[in-house]
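Trainee: I would like to go through the terms used to describe this protein. Can you show it first?

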Amino acid sequence: MTEPLLVDRTDAVVTLTLNRPTAMNALDVALKEALRDTLAELEADRSCRAVVLAGAGGQFSAGQDLREHVSTLESAKGDPLATVRAHYNPIAARLANLPKPVVAAVRGMAAGAGASLAFLADIRIGGPKTSFLMAFAKVGLAADTGASWTLPRLVGHAKAIELLMLAEPVRAEEACQLGLLNRLVDDDEQVLPAAQELAARLAAGPTVAYGAIKRQLSIADAGTLADALAAEAQAQTICGNTADHRSATHAFVNKEQPVFQGR
């Protein structure tokens, strides 16, 4: 049986590949459970210092597997959208709060919950054929997998409403201009290598500080200046006690290149 999620480790970088290429990596229960549980494992794995999220077969993800969803609707057993609480919410929380960098290699289409997954990454890299489609309204649904939280932060409230209500595709160049993509490479074949190269660079950095930066921005986005200042003070206390801070400060003073251990 083909694994729905491929897990590849290269040094401190773990690449998670949504592996249902014949279904455009649509998210069925098996794939959602594998992604949810693997992210939980990686959160506590200190040997993993950066994560790459990718899709197999030239596409990122078409979002929820609607064939499976139709079967659930027709069965009339239980809540057909129970997957939001059982799968999508935990996945979104894990990705957003993962205390290490996440880079999304967004090749081809990212639609619905697939786009939402990409938006939860810290950095997104795409190619000429990359496109996003907030397809929820096309099937009579509102946003999920954190899109109501991430999208306004990326593009602003007004643009988020437009993307969600009109459900029109956003091509690569526009996506880059809007902030849905951080970087755009010239060749689709280079999307994953570029993402892995960037993840390797981040994996060689101060992992604890990166995790603190993510927490700071999350608090500051939703809180007051006082909340942000308190978060900064807490973060600096944590980071200031790391071996990375001490060794990097020593290296700077001595005009040496710092080597970070992620602790």
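Trainee: Is the crossing of H5 and H6 left-handed or right-handed?

Mentor: The crossing of H5 and H6 is right-handed. The rule calls a crossing left-handed if the near helix is turned anticlockwise from the far one by less than a right angle, and right-handed if clockwise. Before going on, note that this is a predicted model, in which local features need pLDDT of at least 70 and side-chain atom pairs count only at pLDDT 80 or more, while totals for chains, interfaces and linings use all residues. Residues are numbered from 1 along each chain as its sequence is written, and side-chain values use heavy atoms, with hydrogens and water left out.

Trainee: What makes H5 oblique to H6?

Mentor: H5 packs against helix H6 (residues 157-166) at an angle of about 125°, with the axes 7 Å apart. That angle makes H5 oblique to H6. The classes are roughly parallel (under 35 degrees), roughly antiparallel (over 145), roughly perpendicular (65 to 115) and oblique for the rest. Axes here are lines fitted to C-alpha atoms, for helices over the stretch in contact, and angles run from 0 to 180 degrees between N-to-C directions.

Trainee: How do you know that something counts as a helix or a strand?

Mentor: Both are DSSP runs, numbered from the N terminus: helices are H or I with at least four residues, and strands are E with at least two. Strand S9 (183-184) is one example of a strand.

Trainee: What makes S1 and S2 a pair?

Mentor: Two strands pair if DSSP finds at least two bridges between them. S1 and strand S2 (residues 13-18) have 6 bridges, in the antiparallel sense. Arg 9, for instance, stands opposite Val 14 in S2. In general, strands of a sheet pair through backbone hydrogen bonds, either parallel or antiparallel.

Trainee: How many bridges join S6 to S9?

Mentor: S6 and S9 are joined by 2 bridges and run parallel, and the rule asks for at least two, so they count as a pair. Gly 126 has Leu 184 in S9 as its bridge partner. On S6 there is also a parallel link to strand S4 (residues 102-106), with 4 bridges. There Ala 104 faces Arg 124 in S6.

Trainee: Which strands stand at the edges of the sheet of 6 strands, and why is one side of each without a neighbour?

Mentor: The order in this open sheet is S1-S2-S3-S4-S6-S9, and the pairing is mixed. Strand S1 (5-10) and S9 stand at the edges; each has a single partner strand, so one side of each has no neighbour in the sheet.

Trainee: What is the order of the open sheet of 3 strands?

Mentor: That order is S5-S7-S8, again with mixed pairing. Strand S5 (109-111) and strand S8 (170-171) are its edges, each with a single partner strand, so one side of each is left without a neighbour. Strand S7 (residues 131-133) pairs with S8 in the antiparallel sense over 2 bridges. Phe 132 has Val 170 as its bridge partner in S8.

Trainee: Why is a space called a cavity and not a pocket?

Mentor: On a 1 Å grid over the protein atoms alone, a cavity is a set of points where a 1.4 Å probe fits but cannot get out; a pocket is an open set with protein on both sides within 12 Å along at least five of seven lines, and lining residues have an atom within 4 Å of a point. By this rule there is 1 cavity of 30 Å³ or more. The largest cavity holds about 40 Å³, where grid points are joined across faces, edges and corners and a volume is the space filled by probe spheres set on the points. Among the residues that line the cavity are Met 134, Leu 163 and Glu 168.

Trainee: What is the volume of the largest pocket, and which element gives the most to its lining?

Mentor: The volume of the largest pocket is about 620 Å³. Its lining has 23 residues, and Leu 120, Ala 121, Asp 122, Lys 214 and Leu 217 are the closest to the centre. H9 gives the most, with 7 residues.
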